[in-house]
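Please open the model in a viewer and keep the selection panel at hand.

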Amino acid sequence: MQISEANFLYTLTSIRQRLFAFLRRELSKKGIDGLAPSHGDILFVLDRKGPITMQDLARRTLKDKSTVSTVINRLEALGYIVKEKDAADGRYANLTLTPKADRLRPVLYGISKKMNAKLFEGFTEDEKQTLFRLMEKMYGNL
């Protein structure tokens, strides 16, 4: 497929769909049930920044609070996240990864590494750096 301005957004969407399909296959191969590709950014932010509040998580993932709340409830039911009332302000709950999620970390990062290797197969370092620079510029435009 030749990519142009006319089909650029379609192409980005197609890449995302293909990456999600890849992720679902890899999770299935590892016997991990219940996790969806859309859970990845939530788990990633909690791994890097947790414990944090639902509001902070929504802000960092660029998702609305109701969407984050639904995902958090699902991940809590699966045993990957725990909500604990904030000691200073009981109106807020801090979200933390559980030991079950901690044990999953190397598997998820391994799958991520495999996805990146597949995605950037055949790219030179210069090509990757050019792509990243251009995408940063696009991101900044929004």
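Select Glu 76, which is partly exposed, with a relative accessible area of 32%; here buried means under 20% relative accessible area, exposed over 50% and partly exposed in between, with a 1.4 Å probe and protein chains only. The model is a predicted one, in which local features need pLDDT of at least 70 and side-chain atom pairs count only at pLDDT 80 or more, while totals for chains, interfaces and linings use all residues. Residues are numbered from 1 along each chain as its sequence is written, and side-chain values use heavy atoms, with hydrogens and water left out.

The term denotes a side-chain nitrogen of Lys or Arg within 4 Å of a carboxyl oxygen of Asp or Glu. Lys 83 is likewise partly exposed, with a relative accessible area of 31%.

Helices (H or I, at least four residues) and strands (E, at least two) are DSSP runs, numbered from the N terminus. Is Ile 81 buried or exposed? Ile 81 counts as buried, at 2% relative accessibility.

Display the surroundings of Ile 81. Neighbours up to four places away in sequence aside, Ile 81 touches Ile 42, Leu 46, Ile 72, Leu 75, Glu 76, Leu 95, Thr 96, Leu 97 and Thr 98, where contact means heavy atoms within 4.5 Å. For Thr 98, 17 residues from Ile 81 along the chain, the C-alpha separation from Ile 81 is 5.4 Å.

Now extend the view to the largest nonpolar core, which has 26 residues. Such a core is a set of buried Ala, Val, Leu, Ile, Met, Phe, Trp, Tyr and Cys residues joined through side-chain atoms within 4.5 Å. Ile 42, Leu 57, Tyr 80 and Ile 81 touch the most other members. At least two residues of this core come from each of helix H1 (8-29), H2, H3, helix H4 (65-77), strand S3 (93-97) and helix H5 (99-119).

**The crossing of H2 and H3**

Select residues 40-49 (helix H2) and residues 54-61 (helix H3): their axes come within 10 Å and cross at roughly 115°. Axes are lines fitted to C-alpha atoms, for helices over the stretch in contact, and angles run from 0 to 180 degrees between N-to-C directions. On the H2 side the contact is made by Asp 41, Ile 42, Val 45, Leu 46 and Lys 49, and on the H3 side by Leu 57, Arg 60 and Thr 61.

**From H1 to H5**

Go to Lys 114 and Glu 26, which form a salt bridge with closest N and O atoms 3.2 Å apart. The pair links distant parts of the chain, since Lys 114 lies in helix H5 and Glu 26 in helix H1, 88 residues apart. Lys 114 is partly exposed, at 41% relative accessible area, whereas Glu 26 counts as buried at 5%. Include Lys 29 as well: Glu 26, Lys 29 and Lys 114 are linked in a network of salt bridges.

Then select Lys 118 and Glu 121, both exposed, whose side chains meet in a salt bridge (4.0 Å, N to O). The structure holds ten salt bridges.

**The whole chain**

Finally, zoom out. The chain contains six helices and three strands, in the sequence pattern α-α-β-α-α-β-β-α-α. Its C-alpha trace spans about 55 × 35 × 25 Å along the principal axes, and 27% of the 142 residues count as buried.
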